[in-house]
Amino acid sequence: MPWRVSPQDRKQGIPPDPYRIWLSEVMLQQTTVAAVKAYFEKFTALWPTVTDLARAKDADVMAAWAGLGYYARARNLLKCARVVADEYGGVFPNDRASLQALPGIGPYTSAAIAAIAFDLPETVLDGNVERVMARIHAVETPLPTAKPELMALAQALTPQNRAGDYAQAVMDLGATICTPKNPVCGLCPWREGCAGYASGIMVELPRKLPKKTKPTRRGIAYVLRNSAGEWLLETRPDSGLLGGMLGWPGSDWSEDPTPAPPADVDWQAAGMEVRHTFTHFHLILDVMVSRSDVDPIQGDLVPHHAFRPADLPTVMRKVYDVAKHRFEQN
DNA sequence: CAATCGTGGTA
DNA sequence: TTACCAAGATT
């Protein structure tokens, strides 16, 4: 993983870069290593230091984050970089409390940075550690009720030395051996001390409270391109779903959406709907397209050369794909 | 504190 | 096709 200190660097006494540890840990929140890698490389290439990131334009950071999800992370990332640059002289604070006071850094991330970047004996509790602790101690209390109990167990095992390496080792174990499904107990170095394995219930742990089913909402998205090749787009409000991201104007997303065309022109149905699933609902979007040169009621016209579909969040890129297909039919 | 907030891979 | 899941934070 590109954010880890290589064995050679470690041997030469080269310490981890708190900026890279912080950036990787924020990107890894609820996100797989595979998805993060390319984004981490892109961000560190564009902005090698926290001071560079602090000077970036908001729109550039949001565009670079597009596709990774949980966009509040990107807004908080930039806020955090600016606090570190302006109030800490570009140097991350090296204690748990100061770290957790920064935007976008919660209990897990503050502990991870403290342990991994500063070699402090803090305990990290993420989904991996929860699962490993629940299994080796056969904790049958369901999550999230079990969190305090699992934290206490994790703290009891955290070593005073190299807590960061220990934390990463437990997370690696959870990611590769002690996996949610089909754990590879035959290869596990902790098998002999594992109460879950001994009683044969390891696969069922950690238990979780049942989840609610996702409702389906509908909506209408409008894609307009004028004769100059400009696209009608809008920057979404800073808070809420897809906050701060670029998108197509549209209706509300609800059981029965009200049409809200962003310009009083002739709209054509694209003929194909877009389906997308968010954290807590399914969305079905009807796509309307138009070629016209009327002044828009809402949104901004973006020149063709300045518009990159990759800057859109995924649901909006799906809308673009459908609209593009429709435009190319004529 | 329960709800909100993305996406892509996988069984 | 559907549901579940992944190195959580914020309100």
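Mentor: Before we start, helices are DSSP runs of H or I with at least four residues, strands are DSSP runs of E with at least two, and both are numbered from the N terminus. Residues are numbered from 1 along each chain as its sequence is written, while chains are lettered from A and ligands numbered from 1 in the order in which they are written. This is a predicted model, in which local features need pLDDT of at least 70 and side-chain atom pairs count only at pLDDT 80 or more, whereas totals for chains, interfaces and linings use all residues.

Trainee: How many helices and strands does chain A have?

Mentor: The C-alpha atoms of chain A fill a box of roughly 70 × 50 × 30 Å, taken along the principal axes. Within chain A, the count comes to 13 helices and seven strands.

Trainee: How far apart are the centres of domain 1 and domain 2?

Mentor: An automatic or database domain assignment supplies the bounds, and it divides chain A into domain 1 (1–122), domain 2 (123–143 + 165–211) and domain 3 (216–329). Six residues of domain 1 are in contact with six residues of domain 2, where contact means that the C-beta atoms, placed from the backbone, lie within 7 Å. Taken over C-alpha atoms, the distance between the centres of domain 1 and domain 2 is 27 Å.

Trainee: Which helix gives the largest share of the surface near DNA strand C?

Mentor: A residue is near a strand if its C-beta atom, placed from the backbone, lies within 6 Å of it, and 29 residues are found around DNA strand C, with Gly 106, Thr 109, Gly 127, Asn 128 and Pro 180 coming nearest. At least two residues each come from α8 (107–118), α9 (127–136) and α11 (163–176). The largest share, five residues, belongs to α11.

Trainee: What do the buried residues of α11 pack against?

Mentor: A residue is buried if 20 or more other C-beta atoms lie within 10 Å of its own, exposed if 12 or fewer, and partly exposed in between. By this test Ala 163, Gly 164, Ala 167, Val 170, Leu 173 and Gly 174 are buried in α11. Their packing partners are α8 and α9.

Trainee: Which helices do the buried residues of α6 pack against?

Mentor: Helix α6 (residues 72–87) has 16 residues, which should span 22 Å, in agreement with end C-alpha atoms that are 22 Å apart. Among its buried residues are Leu 77, Leu 78 and Val 84. These buried residues of α6 pack against α2 (18–27), α4 (50–54) and α5 (58–65).

Trainee: How many residues surround DNA strand B?

Mentor: The closest ones are Gly 69, Tyr 71, Thr 279, Pro 313 and Thr 314. The helix α13 (314–329) supplies at least two residues of this surface. Counted together, the residues that surround DNA strand B number 20.

Notes:
Two residues are in contact if their C-beta atoms, placed from the backbone, lie within 7 Å. The expected span of a helix is 1.5 Å times one less than its number of residues.
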